[in-house]
Amino acid sequence: MLTLKVSGMTCGHCAQTVTKAVEALPAVEHALVDLKAGQVMIEGSADESVIRQVIEDAGYEVQGRA
Ligand SMILES: [Cu+2]
């Protein structure tokens, strides 16, 4: 499992947007956003760089691994 620190997620809508964007990747099995912690947990075999790009494209900033 990969956990990334993501800034800019402030509400349930943000969490849903990020979850949907990441789960749209075929190699991602499951994504879970922890709003309070500002983290996204990802299960699957997708490349970290691809996941980061998808989150950035959705309008949020990836700060690194949690
Ligand atoms: Cu929001």
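This report describes the fold, the sheet and the helix packing of a predicted model.

## Overall architecture

The protein contains 2 helices and 4 strands. Read from the N terminus, these elements follow the order β-α-β-β-α-β.

The chain has 66 residues, for which a compact globule would have a radius of gyration near 11 Å; the value for the protein is 10 Å, which agrees. Along the principal axes, the C-alpha atoms occupy a box of roughly 25 × 20 × 20 Å. Buried residues make up 23% of the 66. When contacts between residues at least 6 apart in sequence are considered, 60% of them join residues at least 24 apart.

## The sheet

The 4 strands form an open sheet in the order β2-β3-β1-β4, and the pairing is antiparallel. Strands β2 and β4 (61–65) lie at the edges, each pairing on one side only. On average, neighbouring strands of this sheet are turned by 30° against each other, direction ignored.

## Helix packing on the sheet

Helix α1 (residues 12–23) packs on the sheet and touches β1 (2–7), β2 and β3. The direction of α1 makes about 165° with that of β2. Helix α2 also packs on the sheet, where α2 touches β1, β3 and β4. The angle between the directions of α2 and β4 is about 150°.

Strand β2 (residues 28–34) and strand β3 (residues 39–44) run antiparallel and are joined by 6 bridges. Two of the facing positions can be named: Val33 stands opposite Val40 in β3, and Ala31 stands opposite Ile42 in β3. In a regular strand, side chains alternate between the two faces of the sheet.

The hairpin has 4 residues between its strands. Gly38 in this hairpin takes a positive phi near 65°.

## Val50 in helix α2

Val50 belongs to helix α2, which spans residues 48–57. Val50 has 13 other C-beta atoms within 10 Å and is therefore partly exposed; a residue counts as buried at 20 or more such atoms and as exposed at 12 or fewer.

Val50 can also be placed relative to Val18: the two residues are 32 apart in sequence, and their C-alpha atoms are 13 Å apart in space.

How values were computed. Residues are numbered from 1 along each chain as its sequence is written. This is a predicted model: local features need pLDDT of at least 70, side-chain atom pairs count only at pLDDT 80 or more; totals for chains, interfaces and linings use all residues. The radius of gyration is taken over C-alpha atoms; the globule rule is 2.2 Å times the number of residues to the power 0.38. Two residues are in contact if their C-beta atoms, placed from the backbone, lie within 7 Å. Two strands pair if DSSP finds at least two bridges between them. Axes are lines fitted to C-alpha atoms, for helices over the stretch in contact, and angles run from 0 to 180 degrees between N-to-C directions.
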